[in-house]
Amino acid sequence: MRERFEVPPERVQVVVLERPDANLEEYTAAVARLPHVGAVRVVPTARVGEYGYAEHKRLPTVVLVAAAVGPDTAEGARLVDALRETPAPGSVLVGGRAAQITDTNEAVRGALPWVAVAMCSSLLAALTAFTRSAMAPLKALTVAVVSLGASLGLIVWTFQQGHGAGALGDFTVTGSLDASMLLFTLAVAFGLSIDYEVFLLGRIREEFDSGLDNRTAVVEGISRTGRLMTSAAVALAISTAAMTTSHVSILKLIGAGIASAAILDALLVRGILVPAVMTLLGPANWWKPVLTGRRRRGRHIAASDRRAAFRSGT
């Protein structure tokens, strides 16, 4: 199609004017003056009828706009906005690949902040109840975001900039990423990061409650969960990395993204970053709001009894 057609089909913007009797000379002239517009052509009504609309007496007017830029570029998005803002006789509907990408990105940007707030709030509540601490959940969420940023950078470096094209089977580098598949991959990577954090925090908390100091509890927790997390990460990486052998770029992105995120999180983040941060924070890892009255004293006594029982082996 690229060889036989002058304009690639994905660069064609379809503009539908709902008024069939509209005067198109001024409108098409205004559209032709827009930046990055290569050509403008009005589709004859008879041709529209060939696609199943011949029974309608008043057909909308269809204008095809050939863009000189790709649909997944910033210039393509600005052209879509310009077409929608150009004064026209009647209402205007803009379609095509560029319009689809633009509308999808706007929908994602509108919903993403609310999704992030809901996800972070629920995770903070669950981790607070699990660790009985106010600081540890904040640290876990912060480290997970850092891990997610590293995974995103690796995906961009590999698939958007094309540095891994040779190693992953020479996929087509378009200079952009599919928003839906990228969010899906990052959501799985974020869930894995929190999952590993729960294993690690749970073990460290057990060691700390047994009477060990914070540094020793971190060392013991890492040593007792390191093999578990590494084995789980390797098993996940092997199973998802198999998707990179596919000839579909989206499957390559999902497989390589999840596999690299799992290995990165288990080896570097949980093996180096988390222990370092928890050691620097010290007893502040287990800080929680102070309770007053008899309830606070009862909890303190209960914790002391548990530690004494652990030391005595009962």
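Throughout this tour, a residue is called buried under 20% relative accessible area, exposed over 50%, and partly exposed in between, with a 1.4 Å probe and protein chains only. The model is a predicted one, in which local features need pLDDT of at least 70 and side-chain atom pairs count only at pLDDT 80 or more, while totals for chains, interfaces and linings use all residues. Residues are numbered from 1 along each chain as its sequence is written, and side-chain values use heavy atoms, with hydrogens and water left out.

**The whole chain**

Begin with a cartoon view of the chain. Its secondary structure comes to nine helices and four strands; these are DSSP runs numbered from the N terminus, helices being H or I with at least four residues and strands being E with at least two. Read from the N terminus, the order of elements is β-α-β-α-β-α-β-α-α-α-α-α-α. Of the 314 residues, 36% count as buried.

**Loops on either side of β2**

Select histidine 36, in the loop between α1 (24-32) and β2. Histidine 36 has a positive phi of about 70°, although it is not a glycine, and is partly exposed at a relative accessible area of 36%.

Next, select proline 44, in the loop between β2 (37-43) and α2 (45-53). Proline 44 is partly exposed, with 41% relative accessibility.

**The largest pocket**

Now display the largest pocket, which holds about 910 Å³ of space. A pocket here is an open set of points on a 1 Å grid over the protein atoms alone, where a 1.4 Å probe fits, with protein on both sides within 12 Å along at least five of seven lines; lining residues have an atom within 4 Å of a point. Grid points are joined across faces, edges and corners, and the volume is the space filled by probe spheres set on the points.

Two or more lining residues come from each of α3 (74-85), α4 (97-131), α5 (135-160), α6 (179-209) and α8 (249-281). Helix α4 gives the most, with seven residues.

Colouring by class shows 14 nonpolar, twelve polar and seven charged residues in the lining. In this scheme Ala, Val, Leu, Ile, Met, Phe, Trp, Tyr, Cys and Pro are nonpolar, Asp, Glu, Lys and Arg are charged, and the others, Gly among them, are polar.

**Along and beyond α4**

Stay with helix α4 and select valine 115, which lies in it. Valine 115 is partly exposed, with a relative accessible area of 48%. Together with Leu112 and Leu183, Val115 forms a nonpolar surface patch with about 230 Å² of accessible area. Such a patch joins nonpolar side chains (Val, Leu, Ile, Met, Phe, Trp, Tyr) within 5 Å, from residues with over 30% relative accessible area and no salt bridge.

Move on to arginine 132, in the loop between α4 and α5. Arginine 132 is not a glycine, yet has a positive phi of about 55°; the residue is partly exposed at 36% relative accessible area.

The structure holds eleven salt bridges, each a side-chain nitrogen of Lys or Arg within 4 Å of a carboxyl oxygen of Asp or Glu. Three of them can be inspected from helix α6.

- Select arginine 203 and glutamate 206, whose closest N and O atoms are 3.4 Å apart. These residues are three apart in α6 and so separated by about one helical turn.
- Select arginine 205 and aspartate 209, with closest N and O atoms 3.2 Å apart. Both lie in α6, four residues apart. Aspartate 209 is buried at 18%, as is arginine 205 at 11% relative accessibility.
- Select glutamate 207 and arginine 224, with closest N and O atoms 3.4 Å apart. This pair links distant parts of the chain, from α6 to α7 (residues 214-241), 17 residues apart.

To finish, select Arg203, Glu206, Glu207, Glu220 and Arg224 together, as they are linked in a network of salt bridges.

Definitions and conventions. Patch = residues over 30% accessible without salt bridge, like charges linked within 9 Å, V, L, I, M, F, W, Y side chains within 5 Å. Areas by Shrake-Rupley, 256 points an atom, 1.4 Å probe, with all protein chains shown as cover.
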